[in-house]
Amino acid sequence: MKIILAGPGAFGLKHLDAIKNIPNAQVVSVVGSDLAVAQKVAADYGIPHVTTDLAEALALPDAEAAILATPTPLHASQAIQCIKAGKHVQVEIPLADSWEGAQKVEDTQRSTGLVCMVGHTRRFNPSHQWLHRRIKAGELKIQQMDVQTFFFRRTNTNALGQPRSWTDHLLWHHAAHTVDLFAYQTGQKIVAANALQGPMHPNLGIAMDMSIQLKGERGAICTLSLSFNNDGPLGTFFRYICDNGTYIARYDDLVDGKEKPIDVSKVDVSMNGIELQDREFIAAITEKREPNASVGKVLPCYRILQQLDRSLQER
């Protein structure tokens, strides 16, 4: 599988590291806005082609698929560009920063039948997979998910502390993980959603704190707290309160309600959620099937984000 990687930043490097572990997968081009940065990444990973123009990479005769780890505002338009060029595409979360953008990507995918997958990594993390399998088997039923997504990011920087050319967003990026995961894990359509946000940052123009409530059609609820102001333990922490136990997922670590570790090392072929996500993308293309986290499967999440966005703007 010959793959283009667009966006050689913090998450682009995670995909490059993941693909090194996947048989029969090769990155053949790196696309970056800063040519010098892209050239260094290409040299470090032995990638033969470098460009600042996505169209140039898509025109490569051997390129079959693209992974987009580019700035959020470009996701929808670039995903459509890749599909129209006849390439399968995986776009990092979020699919779009508007409901209209998400719809356009899904409409384009439907018209071609190509694989279009979105980087909802929580569907692939072994800790969440372990719980998903028990829920599907009827061994657990979620009563409530209590989730904290906490960062200390008062300047416009990425996960490596490097300056960004665009502004991240608690709702359209970070909340997307949990809104989708709640519906996926419970198997319930979200029928109620509420949100509150704190003061806007004077320079970035975004809320730095947010609280979201969700309710599923069969009664499960989710409470999500998000912050860019948290000067403490960083990351996203998921507490699953079930009818038959409580479980806490911290990235790829899982413990029960009494902090007893649960071994999830044998859940899948890797403990790396990004690698598992990329393996699913490649397998879906090879097997000519719809992947987990396809644009169609995650689209309901973006409808909820749009509803929440509108409610926040009205207040």
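1. Across which strands does helix α1 (residues 10–19) lie? Helix α1 lies across β1, β2, β4 and β5, and runs at about 160° to β1. Such angles run from 0 to 180 degrees between N-to-C directions, with axes as lines fitted to C-alpha atoms, for helices over the stretch in contact. Helices (H or I, at least four residues) and strands (E, at least two) are DSSP runs, numbered from the N terminus.

2. Basis of the note. The model is predicted, with local features needing pLDDT of at least 70 and side-chain atom pairs counting only at pLDDT 80 or more, while totals for chains, interfaces and linings use all residues. Residues are numbered from 1 along each chain as its sequence is written, and side-chain values use heavy atoms, with hydrogens and water left out.

3. Overall form. The protein has nine helices and 14 strands. Its radius of gyration is 19 Å, close to the 20 Å that the globule rule gives for 315 residues, so the protein is as compact as a globular protein of that length. The radius is taken over C-alpha atoms, and the rule is 2.2 Å times the number of residues to the power 0.38. Along the principal axes, the C-alpha trace spans about 55 × 45 × 40 Å.

4. Of the 315 residues, 56% count as buried (under 20% relative accessible area, with exposed over 50% and partly exposed in between; 1.4 Å probe, protein chains only). Among contacts (heavy atoms within 4.5 Å) with a separation of 6 or more, 68% come from residues 24 or more positions apart.

5. The parallel sheet. Six strands form an open sheet in the order β3-β2-β1-β4-β5-β6, with parallel pairing. Its edge strands are β3 (49–51) and β6, each pairing on one side only. From one strand to the next the twist averages 20°. Two strands pair if DSSP finds at least two bridges between them. Strand β1 (residues 2–6) is joined to strand β2 (residues 26–31) by five bridges, and the partner of Ile-4 in β2 is Ser-29.

6. Helix α4. Seven of the 10 residues of α4 (residues 75–84) are buried, so this helix is largely enclosed by the rest of the structure. The buried residues are His-75, Ala-76, Gln-78, Ala-79, Ile-80, Cys-82 and Ile-83. They pack against α3 (54–58), β4 (65–68), β5 (88–92), α5 (99–112) and β6 (116–119). Just after the helix, Gly-86 takes a positive phi of about 85°.

7. The α4 and α5 pair. The two helices pack at an angle of about 10°, with their axes 9 Å apart. That makes α4 roughly parallel to α5 (angles under 35 degrees; over 145 is roughly antiparallel, 65 to 115 roughly perpendicular and the rest oblique). From α4, the residues Ala-76, Ala-79, Ile-80, Ile-83 and Lys-84 meet Gly-101, Lys-104, Val-105, Thr-108, Gln-109 and Thr-112 of α5. By class, this contact has five nonpolar, four polar and two charged residues. Here Ala, Val, Leu, Ile, Met, Phe, Trp, Tyr, Cys and Pro count as nonpolar, Asp, Glu, Lys and Arg as charged, and the others, Gly among them, as polar.

8. The mixed sheet. Eight strands form an open sheet in the order β8-β9-β10-β7-β11-β12-β13-β14, with mixed pairing. At its edges stand β8 (190–197) and β14 (261–262), each with a single partner strand, so one side of each is left without a neighbour in the sheet. Seven bridges pair β8 with β9 (residues 209–216) in the antiparallel sense, and Ile-190 has Gly-216 as its bridge partner in β9. Helix α9 (residues 295–314) packs on the sheet and touches β8 and β9, its direction making about 40° with that of β8.

9. Strand β7. Eight bridges join β7 (residues 142–150) to β11 (residues 235–242) in an antiparallel run, with Thr-236 of β11 as the partner of Thr-149. Strand β7 is also joined to β10 (residues 221–227), by seven bridges in a parallel run, and there Gln-148 has Ser-225 of β10 as its partner.

10. Two buried residues. Glu-106 is found in helix α5 and is buried, with a relative accessible area of 9%. Not counting residues up to four places away in sequence, Glu-106 touches Val-295, Gly-296 and Leu-299. Ile-274, in helix α8 (residues 273–287), counts as buried at 8% relative accessibility. With the same exclusion of residues up to four places away, Ile-274 touches Phe-11, Lys-14, His-15, Ala-18, Glu-92 and Thr-121.
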